[in-house]
Amino acid sequence: MEVFNKLYTSVTQTVSQLSSVLPGNPVTREYDITGHIASAGRGCMWKIYTGTKKSTGQEASIFLLEKRLLERYSKEDREEIFEIVRRGVTQITKIRHPQVLTVQHPLEESRESFAFATEPVYASLANVLGDTTNIPSSVISELGNYSLYETEIKYGLLQLIEGIQFIHNETKLVHRNISPHSVVLNSYGIWKIFGFDYCASNENANRYEYNPNLNILAIPSLEYTAPECVLESAYSSRADYYSLGVLICAIYAKKCNPFKTFGRDYTAFKKHAQELRSAKCPCLMNVPQAMRSNVEKLLTASPERRPDLVQLSKVPYFDDIGVKSLSYLDTLFQRDNQDKAKFYKGLPQIIKMLPARINLHRILTCLVKEFIHPTMIPFVLPNVLLIAESCTKTEYEKHIFPHIKSIMSLQDPVQILLIFMQNMELLLKLTLPNDVKLYVLPMVYKALESSSTQVQELCLAVLPSFANLIDYPSMKNSLLPRIKHLCSKSGVASVRVNCLLCVGQLLPQLDKWLVLDDILVFLPTVTPREPAVIMAIIGIYKVAANHEMLGIPKEFAANKVLPFLWPLSIEHGLTSQQYNVIMAFVTELSSKVQAEHMRKLEQLNTGGSDSSTLQYNILASSKTESLSSDDNPIDIITKDFVDKSKIEKPPSRPPTLSEMKPLENSTSKMNALGPINPSFSLPTPSAQFVPPSTFQKMPMWQQQRTNAHYNPTKAYMNGSQSFDHFQALLPPTNGNNFNNNIPSKTPLLQPMSTSRSNCTGSSQSSNILTKEDILEFLK
């Protein structure tokens with residue numbers, strides 16, 4: 001929050017200052033002015049602000065000169081200075097050259113200020129060398145950390161030499177003010193000539209007349225004025241050569257005045273000029289040895305002995321690989337595509353040798369211009385991404401991504417997608433997540449649909465690395481369908497394998513039901529099934545089965561997975577090792593299914609036993625009420641018998657002979673009651689009949705059997721031992737009626753075992769057959 005407060009305060013102060021300085025200046029009608037960043041010109045009078053053009057949004061720099069700064073001078077001096085300012089800005093506006101500062105909006109004057117707009121500027125060379133006049137304190141610290149690299153100095157001097165030559169030869173002018181205050185660095189680090197306030201024509205010999213009454217701002221800086229001006233009262237274009245020599249000394253000395261500061265001391269300046277005439281050269285210890293002799297020649301008092309600028313540009317000092325590369329880049333528009341391609345192929349080696357700032361602001365600026373030519377992008381793009389490796393995220397977002405996002409949608413030539421896929425890790429590291437979704441993901445989709453196998457495989461290989469940045473709807477509805485389609489339609493085995501491997505690595509990013517309903521159902525449709533494809537399929541099944549967030553349900557494994565894996569294991573071409581891997585997984589999955597199902601059955605059986613016990617207790621407690629009710633007696637007897645048989649579980653064996661003896665007594669007692677109806681119908685209970693309470697209740701499944709369903713004679717004829725055993729237990733009947741139909745409601749009686757019977761009285765010693773005997777008979 002403190003940072004935002006400081007930013008708000010700084011912006012508020014800047015807006016307040018500008019509103020008081022530029023209330024009526026026409027520049028404010030076309031430009032939005034923001035921060036104060038630098039100063040330039042004689043005495044750093046010009047304040048430099050950043051801004052943008054309202055109509056186009058184009059970046060610009062606003063140069064502002066406040067008239068109130070000159071109020072300490074007399075009115076005549078002020079008017080003279082104002083006229084010099086008007087003449088200088090008007091002159092620079094007319095000149096169009098790469099090494100001359102470009103003016104976007106001409107000079108506008110109001111009652112309070114002068115202002116004009118130029119191309120974006122970083123600072124003046126004077127600011128870089130330590131002159132921070134008219135600069136806010138927040139910018140001073142930033143400029144203090146800015147240092148010039150050797151390559152920047154060499155190439156900057158070459159740019160100045162080229163600009164001075166143009167001024168001399170084309171515009172026929174003598175600048176007369178070449179100094180750190182009249183050289184500015186634009187936003188790309190290119191050195192530009194500024195400050196044409198004191199320029200003059202060089203067509204004829206020019207007389208130099210010094211007037212000590214003039215204001216110091218009305219004459220060129222004496223520190224950079226050629227000695228012939230005071231010695232001979234004349235100057236020519238070679239006066240700028242001397243100024244260039246002093247500038248070189250200032251750059252390496254890292255201060256604006258490398259020798260003496262004269263100010264308005266014309267006498268001291270004249271003495272210095274005489275020393276130069278006597279061949280006493282100032283100390284040049286800071287100047288590199290390769291350039292020192294040439295600088296000495298530039299600082300001689302005799303103009304004729306100063307080297308020509310063309311000769312100066314060819315000295316060994318400028319034989320630097322970085323300087324040559326930058327010079328070549330500046331002339332690329334003059335070369336054909338073949339020469340450009342050859343240069344771009346060797347550029348990566350040069351980029352690694354140059355400082356990151358030069359790569360970002362100088363080389364990158366030239367490279368991105370080639371993006372308008374699709375055929376050249378495959379040669380340029382690797383260099384752009386190589387520069388991005390040494391950038392911060394802020395630099396990447398500001399200088400690189402705005403250019404490369406425009407070519408991410410290109411599919412032709414295919415090398416563009418290939419290069420992006422090879423550098424996907426770098427893109428994901430530097431690109432903001434929102435930009436990944438808007439630009440990188442659509443590029444990935446196009447790579448999957450590419451006709452190049454290499455691009456497809458690279459895309460599949462890098463996809464899992466940024467799967468966490470893909471939202472779920474995009475993953476489900478866009479990415480996975482494309483991968484599945486590619487896997488189904490591709491005729492290249494390596495592509496299918498990579499598709500399956502990619503899907504396997506994406507599984508942890510998916511939910512369980514999407515895996516079951518979409519991925520695992522898709523696997524059986526993958527054809528043809530080479531060994532590598534089969535092993536990739538097994539890998540997906542393993543991940544799905546063993547991942548803690550996924551898992552394969554028992555029913556799905558038993559019904560769909562295992563039936564597919566068995567025939568898969570005997571596909572042709574598998575090695576023994578691959579077969580063992582498949583069978584190990586089949587065994588593992590089968591064991592899991594078996595164990596899970598066994599646990600389920602045990603839970604069901606345990607629950608069933610508890611339910612049966614509860615049912616029996618309920619029936620036992622209501623037994624008396626059930627017998628006295630009007631319900632069907634057969635149904636009541638059936639329920640009671642079935643439930644008791646579950647609890648008591650009598651031994652499953654036929655009765656022994658000792659247990660069969662009580663049957664005779666039972667039979668005789670039944671005969672004493674009266675003749676038995678041959679139809680085996682249940683007799684009506686009488687006073688002499690044994691009470692029903694002495695018999696167990698007849699189960700429902702022992703109800704009447706007609707002759708159509710059961711024929712005792714036929715069973716006997718077939719030698720049924722069960723029937724023999726069962727017949728011995730029946731009451732004696734008349735043989736004539738043996739084959740008659742068996743009537744309904746006939747109880748099957750047998751005595752109860754001694755262990756079970758505890759009844760009092762002879763009438764209570766008879767019981768029905770056990771359940772096991774009857775089941776054995778029915779078999």
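In this predicted model, the side chains of R86 and E83 meet in a salt bridge, with 3.4 Å from N to O. R86 and E83 are three residues apart in helix α3, which covers residues 75-94, so about one helical turn separates them.

E112, at 26% relative accessibility, counts as partly exposed.

Which residue forms a salt bridge with E152? The partner of E152 is R357, and the closest N and O atoms of the pair are 2.4 Å apart. E152 lies in helix α6 and R357 in helix α14, residues 356-367, so this pair ties together parts that are 205 residues apart in sequence. Both E152 and R357 are buried, which means that each has under 20% relative accessible area.

The structure holds five cavities of 30 Å³ or more, and the largest cavity has a volume of about 80 Å³. The largest cavity is lined by R176, Y208, P220, Y224, T225, A226, C229, Y235, A239, D240 and S243. By class, this lining has seven nonpolar, two polar and two charged residues. Tyr, Cys and Pro are counted as nonpolar here, as is Ala, so Y208, P220 and C229, among the lining residues, fall in that class. Which helix gives the largest share of the lining of the largest cavity? That share, three residues, comes from helix α8, residues 239-253.

S236 lies in the loop between β12 and α8. S236 is partly exposed because its relative accessible area is 32%. The C-alpha atoms of S236 and S201 are 9.0 Å apart in space, while the two residues are 35 residues apart in sequence.

Most residues other than glycine have a negative phi, and most peptide bonds are trans. S233 is not a glycine, yet its phi is positive, at about 55°. The place of S233 is the loop between α7 (228-231) and β12 (234-235). With a relative accessible area of 26%, S233 is partly exposed. K172 is not a glycine either, and has a positive phi of about 60°. K172 is found in the loop between α6 (150-169) and β7 (173-174). K172 counts as partly exposed because its relative accessibility is 38%.

Where do cis peptide bonds occur? A cis bond joins D412 and P413, with omega at about 0°. P413 sits in the loop between α16 (393-404) and α17 (415-422). The peptide bond from T527 to P528 is cis as well, with omega near -10°. P528 is located in the loop between α23 (512-522) and α24 (531-546).

The walk ends at the surface. M598, L601 and L604 form a nonpolar patch there, and together they have about 270 Å² of accessible area. Membership of a patch requires over 30% relative accessible area. M598 is placed in helix α26, which covers residues 576-621. M598 counts as partly exposed because its relative accessibility is 43%.

Key: Residues are numbered from 1 along each chain as its sequence is written. This is a predicted model: local features need pLDDT of at least 70, side-chain atom pairs count only at pLDDT 80 or more; totals for chains, interfaces and linings use all residues. Side-chain values use heavy atoms; hydrogens and water are left out. Patches are made of residues with over 30% relative accessible area and no salt bridge: like charges are joined within 9 Å, nonpolar side chains (Val, Leu, Ile, Met, Phe, Trp, Tyr) within 5 Å. Accessible areas come from the Shrake-Rupley method with a 1.4 Å probe; for residues, only the protein chains shown count as cover. A salt bridge is a side-chain nitrogen of Lys or Arg within 4 Å of a carboxyl oxygen of Asp or Glu. Helices (H or I, at least four residues) and strands (E, at least two) are DSSP runs, numbered from the N terminus. Buried means under 20% relative accessible area, exposed over 50%, partly exposed in between (1.4 Å probe, protein chains only). On a 1 Å grid over the protein atoms alone, a cavity is a set of points where a 1.4 Å probe fits but cannot get out, and a pocket is an open set with protein on both sides within 12 Å along at least five of seven lines; lining residues have an atom within 4 Å of a point. Grid points are joined across faces, edges and corners, and a volume is the space filled by probe spheres set on the points.
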